Amino acid sequence: MKKLLLIPLFIFCAIQLFAQEKTITGKITDGDTGEPLPGVNVVVDGTQQGTVTDIDGNYSIPVPSDQASLVFSFIGYNSETVAVAGQSVINIKLIPELQALDEVVVVGYGTMKKSDLTGAVSSIREEDIKSVKASNAVEALQGKIAGVDMTRSSGRAGSGYNILIRGERSFSAENDPIYIVDGIDYGSNININPNDIASMEVLKDASSTAIYGSRGANGVILITTKKGQQGKATISFNTYYGYTTPLGKLKMGTREDYLQITRDLYRTNNPTYWDTADSRINVTSLLYPEEIEGLNNGTDFDWIDAQMKDHGSQQDYHLSITGGSEKTTYAVSINHFVEDNFVPNDYYKRYSIKANVDSKVNKYFEMGNSTFLSHSIQNQGQGINYNMIPLVSAYDSLGNLIPVPNSRVPFSNPLIDQDPDYRTNEVYQTDVFSTFYGQLNIMPGLTFRSSFNLDLGFNRTGNFSDDYPGLARQSTASVSLLNEYKWTLINQINFDKTVNEHHIMTTVATETMLSRQERYYQSGQDLALSDFKWYALRTSAAANLSIRDPNTDHLPFRKNSQVSFLGRLHYGYKGKYLATFTGRYDGASQLREKWDFFPSASIAWRLSEESFMQNLNAISNLKLRLGYGVTGNQSVRPYSSLGGISEYSMYYEFGTTETEILGFRTARLETSPRWESTAVTNLGLDFGLVDNKISGTIELYQSKTTDILQYVTLPPTSAVTLVTENIGETQGKGIEFTLRTVNVSTRDFKWTTDFTFASSTEEITFLAGGISQDIANRWFVGQPLSVHYDWDMIGIWQTDEAEEAAVYDAEPGDLKIADVDTVTGIGEGDRMVLGTPRPKWTGGLNSTMTYKGFDLNIFVYARIGQMISDATEVMWSPDGRENSIVRDYWTPNNPSNEYPRLNPDLTRSGWSRQTVLRYTDGSFVKIKDITLGYTLPRELTNKIMISSARVYVTAKNAIVFSKVFKKGRYDPEGVNSNGDLGTGLPIPKMYAVGLNITF
């Protein structure tokens with residue numbers, strides 16, 4: 001009977017429950033154009049219940065009660081959260097992110113609204129990061145952040161980038177920026193897949209980098225990885241396959257080109273033959289046996305083509321799953337990246353796993369972990385040999401490799417060392433980067449957060465070269481093991497409070513870091529069994545064993561630590577008067593004077609919020625910023641401030657026996673170097689016009705670096721040869737400009753353009769002892785830190801200049817060198833600063849167009865005004881023996897000003913002035929990326945149970961415009977930090993097809 005009485009009660013409760021549920025309808029439109037937005041996500045806050053808008057922007061969704069809230073989100077727009085509060089129709093206008101001054105950006109040790117920034121901070125959008133087709137996600141910054149100068153170091157698979165933010169500052173310490181991943185110093189090997197990165201910010205001026213104190217002088221790159229989001233699980237798969245070939249190709253001379261050089265060399269020795277026809281010169285008598293055989297067989301072998309495959313490839317596979325509940329969110333991804341170069345045995349493979357978990361234990365406590373595991377395998381193939389001549393082949397009549405194809409030029413066959421059985425240069429790298437955090441929410445606006453990071457790195461580099469029948473070389477092998485261990489502990493308190501028109505944000509933190517490295521090295525020769533490579537370097541299996549690393553920078557043990565206390569105070573009044581103050585007190589073990597303080601202050605005025613600006617409808621945003629700060633540079637080697645000893649040997653005669661006595665002596669005095677410090681003043685203007693359809697930033701800055709650590713060489717008579725002192729000074733200044741425009745924005749068609757421009761100069765202002773130049777180190781007061789210093793080639797002496805040429809001990813056809821010191825003849829005093837590898841300006845133009853489901857992106861990058869050193873130019877051999885590349889050299893019948901005459905008395909290696917040929921203008925404009933994509937209609941993807949699908953094709957490094965490239969050289973971007981364009985591997989161009997799918 002009691003159970004029967006309960007039935008009406010249950011029915012009544014159920015009726016009341018369902019009576020509260022209601023359906024909300026509405027329409028979502030673009031806040032700019034009023035056009036409907038299809039595909040907007042509409043979710044009941046705190047649940048997994050959701051829907052998306054249809055083609056007309058309409059939606060319909062049931063909600064449990066009037067107390068519920070709806071969250072509206074769409075890529076490229078600000079999310080909106082709206083309470084139901086009795087409404088049955090909710091129409092929303094989503095505001096494009098371009099107008100989002102309330103967009104949150106990452107700054108040092110926290111986040112801040114973009115409108116509250118007072119320093120020079122630049123961000124890059126997530127879609128620009130994901131579009132990177134490279135092993136290093138940092139490539140996304142090239143040309144898209146003003147003031148960041150980037151070049152790829154080489155075309156080698158897995159190669160990195162040379163990166164400078166606002167130029168160079170230091171002589172001996174590093175000039176590279178630091179990378180902060182999820183709040184922790186990550187090191188320079190950014191092996192994170194672009195699909196795992198949510199945002200990247202670049203801190204450029206001292207007012208924004210001073211929070212990093214002794215590590216902030218060279219700029220800071222902040223990388224924030226993706227986290228899980230509340231809602232149902234989302235699975236994403238992204239992949240592409242690329243076909244790669246060299247960007248540019250050196251023109252290999254033909255057999256006829258080589259025969260012509262041979263004839264002209266004969267004419268040089270016998271000048272009366274310059275007017276004699278080629279056919280009357282018995283060229284066969286001038287050739288070596290192998291060359292004669294090739295001449296008779298019709299050999300015309302292209303050695304450059306032989307050392308390259310038809311093409312290379314680049315592949316990337318990335319699978320991720322994200323989701324979570326109201327309490328816990330997660331994001332897990334796996335990635336496999338492969339770059340197989342067009343040069344044999346040159347490849348890079350990477351396998352990685354990333355996992356992120358965040359949990360709200362209760363309203364007072366949160367905790368989480370982010371772990372990244374990576375393992376890579378890189379084999380560094382041999383560079384291209386350009387010294388082989390076309391009259392000889394790499395193969396004999398049976399198809400076997402000839403050990404030494406030409407006795408005239410006794411180089412070993414370069415194809416031998418492209419065989420992995422005979423040469424290997426293999427690098428294994430394993431990294432573990434794991435961060436744990438706990439956050440205590442003490443009260444609204446006040447939190448305490450503690451983060452602990454463990455960073456482990458394991459590197460094994462093995463080199464092996466085998467003997468080969470017919471080559472006079474022994475098998476050799478070496479192995480280097482590097483174990484790195486670092487932990488970081490950060491404890492910080494954050495306070496964020498708004499009272500009436502006053503906004504205060506405060507961060508106070510301590511940071512402790514300890515780093516330790518152990519390195520082991522061993523090498524041997526004449527291996528008993530080549531299959532063992534470097535795995536059996538012991539006395540019974542190899543000769544001449546050694547544990548002395550030839551790289552003197554590789555200390556067997558390094559340990560350094562750092563302790564820091566830091567704080568930041570941000571104050572805003574009425575949202576238009578802003579001020580930020582930071583200070584950091586750093587102590588580092590690698591300096592004798594361990595502690596120093598690095599302050600900064602910056603202010604900003606949002607003029608667009610003033611009443612006198614309200615009637616200027618064309619101006620939607622205008623903010624003036626001014627900042628000053630001091631940062632340091634502690635990236636010097638541990639123990640460099642301590643005294644050092646060096647080994648020496650002397651021979652004594654004991655009777656009739658001479659004996660070597662080994663000993664040690666002081667090689668470096670113990671000194672007390674201080675921190676290098678850089679003071680920067682930055683003036684910035686942020687603007688937005690016509691509802692921010694035109695927006696941008698202008699930055700003016702000036703920096704001065706003092707107390708630069710400089711290694712000073714003492715006279716040979718001193719028992720001490722080297723000391724380290726703080727005695728150098730440099731300064732730099734520049735301008736940066738960023739502009740973004742929304743050219744067209746309609747329902748079906750949108751077109752945006754991003755433009756960046758940066759120009760900077762740097763110079764040395766003081767050297768040790770007040771000297772004006774240090775020629776040994778190529779340092780000159782009034783010049784940039786990196787320069788090309790050499791004789792200046794102003795042409796070739798011509799026939800009508802024979803008398804003047806004789807004054808300089810030259811004759812027609814010889815190099816014409818500028819006489820700088822006016823002393824008769826050309827000597828060391830005639831060397832001069834020719835140029836710098838630093839560009840006069842860099843710029844980028846990124847254009848994105850979308851039409852219905854189609855999208856087109858074109859990115860152009862320019863680097864103008866730098867001088868590079870092209871190593872292929874100095875391979876000109878006056879004696880004619882090694883000239884495999886086509887050259888326009890001087891003859892009486894060809895008065896060229898490009899290359900000097902043939903001279904049998906000068907070899908390539910013995911010709912001291914050949915270096916003048918290598919300097920050239922390295923400016924280039926490159927169409928860096930062209931991508932055409934198509935997103936499948938939602939009506940189609942819904943039928944196959946896919947949330948979204950996009951296919952695309954990409955051309956990367958498609959076209960380059962450059963004086964160097966026009967001459968038939970490789971892509972001039974591939975220079976090292978000194979501006980040297982090597983003879984190794986050219987940068988590839990790539991054509992790729994890709995797929996993005998979300999379930």
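Me: In this predicted model, which residue of E50 does Lys 956 stand opposite?

Reply: Lys 956 faces Met 990 in E50.

Me: What makes E48 and E50 a strand pair?

Reply: Happy to walk through it! Pairing needs at least two bridges, and 9 bridges join E48 to E50 (residues 988-998), so the two count as paired. They run antiparallel. E48 (residues 948-962) is also joined to E47 (residues 924-935), by 11 bridges and again antiparallel.

Me: Why are the rings of Trp 876 and Tyr 889 called stacked?

Reply: Good one to check by eye. Two rings pair if their centres lie within 6.5 Å, and planes under 30 degrees apart count as stacked. Here the centres are 5.5 Å apart and the planes are at 25°, so the pair is stacked. Both residues lie in the loop between E45 (867-870) and E46 (919-921), so the contact ties together parts 13 residues apart in sequence.

Me: How do you know whether Trp 876 is buried or exposed?

Reply: Buried means under 20% relative accessible area. Trp 876 has 0%, so it is buried. Tyr 889, at 9%, is buried as well.

Me: What makes Arg 166 a charge over the face of Tyr 701?

Reply: The distance cut-off is within 6 Å of the ring centre, and Arg 166 lies over the face at 4.0 Å. Arg 449 lies over the face of Tyr 437, also at 4.0 Å from the ring centre.

Terms used: Residues are numbered from 1 along each chain as its sequence is written. This is a predicted model: local features need pLDDT of at least 70, side-chain atom pairs count only at pLDDT 80 or more; totals for chains, interfaces and linings use all residues. Side-chain values use heavy atoms; hydrogens and water are left out. Rings of Phe, Tyr and Trp (its six-membered ring) pair if their centres lie within 6.5 Å; planes under 30 degrees apart count as stacked, over 60 as edge-to-face and the rest as tilted. Helices (H or I, at least four residues) and strands (E, at least two) are DSSP runs, numbered from the N terminus. Buried means under 20% relative accessible area, exposed over 50%, partly exposed in between (1.4 Å probe, protein chains only). A charge sits over a ring if NZ of Lys or CZ of Arg is within 6 Å of the ring centre and within 35 degrees of the ring normal.
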